[in-house]
Each structure stands twice: as C-alpha cells, then as structure tokens.
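Me: Please display the model, so that its architecture can be discussed by question and answer.

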Amino acid sequence: MSTWTDMGAADDIEQEDVVGVEIDGRAYAIYRSPDDAYYATDGLCTHQQVRLCDGLVMGNVIECPKHNGRFDYTTGEGRGVPIRENLRTYRAKVVDGRVLVDLG
Amino acid sequence: MHLLNLGDNVQVSQQRDYSMMGDDGRAAVERGLADAQWYQSPVARKRMKELMQRSDGPAIRDTVLWLGLMIAFAVAAVMLWSSWWCVPFLAAYGVLYGSASDSRWHEAGHGTAFKTRWMNTAVYQIACFMIVRNPTTWRWSHTRHHSDTIIVGRDPEIIGMRPPKLGSIALYFFGVLDLPRGLRAMVRHALGRISPDEASYTPESEHRKVFRDARIWTAIYIVVVTASIVWGSWLPVLLVGLPRMYGAWHHVLTGLTQHCGLEEDVTDHRLNSRTVYMNPISRFIYWNMNYHLEHHMYPLVPFHHLRELHDEIKHDLPPALPSIAAAYRQFVPVMFAQRADRSVCIHPQLPAPHNAEGTLNA
C-alpha cells in the first residue's frame with residue numbers, strides 16, 4: 001500500500017544535490033538529479049550509518065562523506081568498497097511543488 | 001601546549017594493546033568509541049559543495065610532474081652510474097618513489113585526487129606498489145583509520161603508540177622496518193594467507209584481490225632481483241624496491257606530524273590530529289596532507305581544496321603549527337616523556353566560543 005509522505009519543497013533541493021529529512025526518527029535522503037528528476041533513499045550509509053545528506057552527488061551517484069562509499073541513488077546499488085550492502089530506495093514524485101515519497 | 005593526564009577521566013592500563021584483536025579494541029567498542037559520532041566544524045552546505053568538487057586538472061598536472069621527474073632522475077642516475085654524480089639524482093628519485101607514493105596512495109585511495117575514477121585507480125595501484133602496501137588490505141585499514149582515528153585497538157595506523165618505540169620510529173625514516181614488513185606481507189598474501197589483524201578489517205570477499213595483487217608484485221620483484229644478479233649491478237634494485245628505504249625519510253618526516261603526541265580515544269579530530277604549514281616542495285610531495293585535521297574532518301574534500309577548507313574553519317580549530325620544525329618541537333619532548341608516563345599527551349587548545357556550533361556526525 002502506498003503512503004505518500006511530504007518531504008518538503010522541491011525547490012529547496014539544488015540540482016545534482018541531496019538533502020536529509022527525518023520522519024518518525026528515521027533518516028531519508030532526497031535527491032534532485034542533474035536532469036531534474038527526484039529520488040529518495042534511506043538517509044544513512046549502509047557501511048557505517050553516516051548521513052548521506054552530507055555527501056557529494058555526482059551525476060546519479062551519492063558518495064558517503066566519511067569513507068567515500070558510493071551508491072547509485074536511482075537504484076540503491078552499491079558501487080564498490082567499502083559498500084557491501086545496497087541502499088533502500090523509495091518512489092518519489094513532485095506534486096504542486098512538494099516532494100512526495102512513498103514510504104510504503 | 002598543555003599536558004593532559006588522562007588518568008582522572010579514563011581508565012587505562014599502563015601497557016595498552018594496540019593490536020586489532022586485543023582487550024583495548026574490545027573496551028573501545030564497549031565504551032562507544034568504535035564507529036562513533038565525531039565533531040565537525042560548521043561549514044555551510046553550499047560552500048562545502050564547492051569544496052568537495054573534484055577536478056582532474058590539479059592531479060594530472062602533479063602526476064605528470066611526479067612521474068616525469070622520476071623518469072628524468074632515473075635516466076640521469078643511469079647515465080651517471082659510474083660516477084658519484086648519480087647520487088643526488090638517485091636521492092631525488094628515491095623521495096619521489098619512497099615518499100610521494102605515500103601521499104598518492106592516500107589521496108587516490110580516497111578517490112578524491114581525480115574526478116575520473118580510472119585515474120584514481122591507476123595512480124592508486126602504482127603508488128601502492130611503490131610504497132609496498134597491498135591495495136586491498138591497506139584500503140580497508142585506512143577506512144578503519146578514518147572511522148576510529150587514534151582509538152586504541154581499533155585504528156590499525158597508529159604510529160605514535162604509548163610508550164613510543166622511538167628506535168623503531170627512527171628506523172621508519174629509512175624504511176628499515178616497514179619495507180621488510182611489506183615484503184613479508186606480500187609473500188604471505190602471495191601464498192594465499194592473511195594475518196588475523198588484516199582479516200579483522202578486510203572482508204573475506206576481498207581476499208582474492210589481496211592474493212592476486214601480491215602474486216603480480218612478487219613476480220615483478222623476482223624479475224628485478226634477477227636482473228640485478230644477472231647484470232651484477234645494484235641499479236635495478238636501486239630503481240625498484242630500495243627507494244622505499246632510501247627515499248622514505250620525507251613521508252615519515254611529514255607523516256609523524258599528523259597525530260604524534262596528541263590525544264588517544266577522543267572523538268574530536270581537533271584533539272588528535274594536527275595541521276602544519278609547510279613549504280611548497282613538501283606540500284607537493286605530501287599532496288597537502290599537512291592540512292591533516294581538515295582532511296580527517298571532511299575526507300571528501302580533495303587535496304587541492306584543503307587550504308581553502310582550512311581558511312574556512314580555522315577559527316574553530318587549534319592554531320596550526322607554523323612549520324615542520326615547530327611540530328617536532330611540540331611532540332618530540334612529549335613522546336620522550338611518554339616513555340616514563342604513557343598518560344602524558346598534548347591537549348590542543350580549542351577556541352571556546354565556537355565549541356557549541358559544531359555538529360556531530362557518525
């Protein structure tokens with residue numbers, strides 16, 4: 001069942017960037033890609049629970065700020081060491097200028 | 001400089017166990033020092049994004065200069081081999097081989113040297129070979145160093161253990177201990193074995209890569225040593241392998257300034273890492289790792305932006321040391337004192353008004 005949750009204003013995220021959002025104590029990362037699409041993943045790196053919203057977005061990749069672990073944030077796939085576990089992704093859409101994420 | 005006796009606040013045994021499998025490592029986990037939250041000086045996201053941006057240009061320039069100079073010095077040394085004039089060229093070659101490789105290993109290992117991934121990988125592999133550090137085990141070792149910087153029993157890269165083994169540290173300047181150690185590890189890996197310490201931070205799925213690279217390196221060293229024997233000349237081993245000894249002094253000289261004499265078992269890089277202003281030649285060889293505190297606080301910032309990061313947050317940091325000599329004047333007496341009392345260390349003065357502004361990040 002879909003549970004679309006408002007994560008904030010779409011314009012608050014710069015292109016090729018990420019912001020962090022906390023809902024009920026759980027961290028999420030919301031991305032705006034270079035081609036202006038929006039994506040959402042869990043907010044903590046699967047390697048050592050570091051906040052991905054402090055990392056660097058390069059194209060479709062988010063790089064963790066602590067150990068440089070990389071994920072494709074459109075699929076959640078880890079891209080090499082030290083990542084050994086993929087990142088959970090969520091469906092995201094923009095409605096009336098708000099980013100909505102399906103937290104299921 | 002302030003001396004801090006940790007005895008009142010922290011329970012420490014007189015002789016601590018710096019191995020990855022010992023009691024201090026387990027105690028660090030129990031005390032919440034493993035994978036802990038660390039202090040970060042505040043930097044606006046927009047500015048941090050600018051500082052994190054990668055570029056191929058600076059690293060390509062420096063790599064062309066680095067390898068180009070190595071080739072030029074090697075050719076000059078070969079041409080002058082029959083005279084003493086080869087010595088200064090070998091000495092310069094050695095520093096680029098045995099010291100600059102340390103900083104290239106480090107920065108390319110982080111993946112921040114170049115914007116283009118394969119360039120990082122290529123320089124990382126070359127530098128690992130020169131510095132004789134297995135590309136896989138040392139990548140994981142350095143990951144742990146950043147997670148648990150100078151946490152006893154967790155950080156596998158602590159040089160200034162307490163009490164310090166000053167004789168051993170002196171030998172590092174000439175690679176006397178670490179080259180044989182690196183070669184022993186290479187042979188062990190080539191035989192398909194991995195040490196318990198390495199296994200504690202290197203996942204089993206990575207072991208095949210460890211063994212593969214070690215076997216390639218072993219084959220290269222066999223060729224080089226055989227060439228020296230067949231030709232009856234020291235020249236091949238002076239160009240491949242031995243520069244890790246006679247050219248190691250600069251990376252040890254600069255590397256000891258990173259953490260020596262500072263605090264253990266704290267979760268604030270301002271207390272266990274040091275920034276030192278250095279001359280341009282040392283900064284080229286060291287690839288700006290003299291801004292070491294900044295690097296630990298924000299590891300995604302490339303070497304060519306560390307000076308700007310330093311300017312951005314220096315108001316929130318202990319004062320940088322003005323020179324390599326000043327750094328040694330600070331930590332060498334403390335390390336001598338630690339021989340008698342291991343609780344003695346440097347407690348950097350933090351700028352009080354800014355303490356509350358930082359953030360804690362895992």
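Me: How many helices and how many strands are there in chain B?

Reply: This is a predicted model, in which local features need pLDDT of at least 70 and side-chain atom pairs count only at pLDDT 80 or more, whereas totals for chains, interfaces and linings use all residues. Residues are numbered from 1 along each chain as its sequence is written, and chains are lettered from A and ligands numbered from 1 in the order in which they are written. Elements are DSSP runs numbered from the N terminus, helices being H or I of at least four residues and strands E of at least two. On that basis chain B contains 19 helices and two strands.

Me: What radius of gyration does chain B have?

Reply: The radius of gyration is taken over C-alpha atoms, and the globule rule is 2.2 Å times the number of residues to the power 0.38. Along the principal axes, the C-alpha trace of chain B spans about 65 × 40 × 40 Å. For 362 residues a compact globule would have a radius near 21 Å, and chain B agrees with this at 21 Å.

Me: What percentage of the residues in chain B is buried?

Reply: A residue is buried if 20 or more other C-beta atoms lie within 10 Å of its own, exposed if 12 or fewer, and partly exposed in between, with C-beta atoms placed from the backbone. Of the 362 residues in chain B, the buried ones make up 44%.

Me: What distance separates the C-alpha atoms of Arg283(B) and Thr202(B)?

Reply: These two residues of chain B are 81 residues apart along the chain.

Me: How many strands does chain A have?

Reply: The elements of chain A, from the N terminus on, run β-β-β-β-β-β-β-β-β-β. The radius of gyration of chain A is 13 Å, close to the 13 Å of the globule rule for 104 residues, so chain A is as compact as a globular protein of that length. With zero helices, chain A has 10 strands.

Me: What is the strand order of the six-stranded open sheet in chain A?

Reply: Two strands pair if DSSP finds at least two bridges between them. In this sheet the pairing is antiparallel, and the edge strands, each pairing on one side only, are β1 (4-9) and β2 (17-23) of chain A. Strand β2(A) pairs with β3 (residues 26-32) of chain A over seven bridges.

Me: Which residue stands opposite Arg70(A)?

Reply: A four-stranded open sheet of chain A has the order β5-β6-β7-β8 with antiparallel pairing, and its edge strands are β5 (56-58) and β8 (77-78) of chain A. Within it, three bridges join β6 (residues 61-63) to β7 (residues 70-72) of chain A. Arg70(A) belongs to β7(A), and the residue opposite is Glu63(A).

Me: Which residues have the most contacts inside the largest nonpolar core?

Reply: A nonpolar core is a set of buried Ala, Val, Leu, Ile, Met, Phe, Trp, Tyr and Cys residues joined through C-beta atoms within 7 Å. The largest has 95 residues, and helix α6 (residues 117-131) of chain B gives the most to this core, with seven residues. Among the contacts of Ile30(A) are Met7(A), Tyr38(A) and Val101(A). The residues with the most contacts inside the core are Ile30(A) and Val101(A).

Me: Which element gives the most to the side of chain B that touches chain A?

Reply: Across the interface, 15 residues of chain B are in contact with 16 residues of chain A. The elements of chain B giving two or more residues to its side are α2 (45-52) and α7 (137-147). With five residues, the element that gives the most is α7(B).

Key: Contact = placed C-beta atoms within 7 Å. Lists of a residue's contacts leave out its neighbours within four places in sequence.
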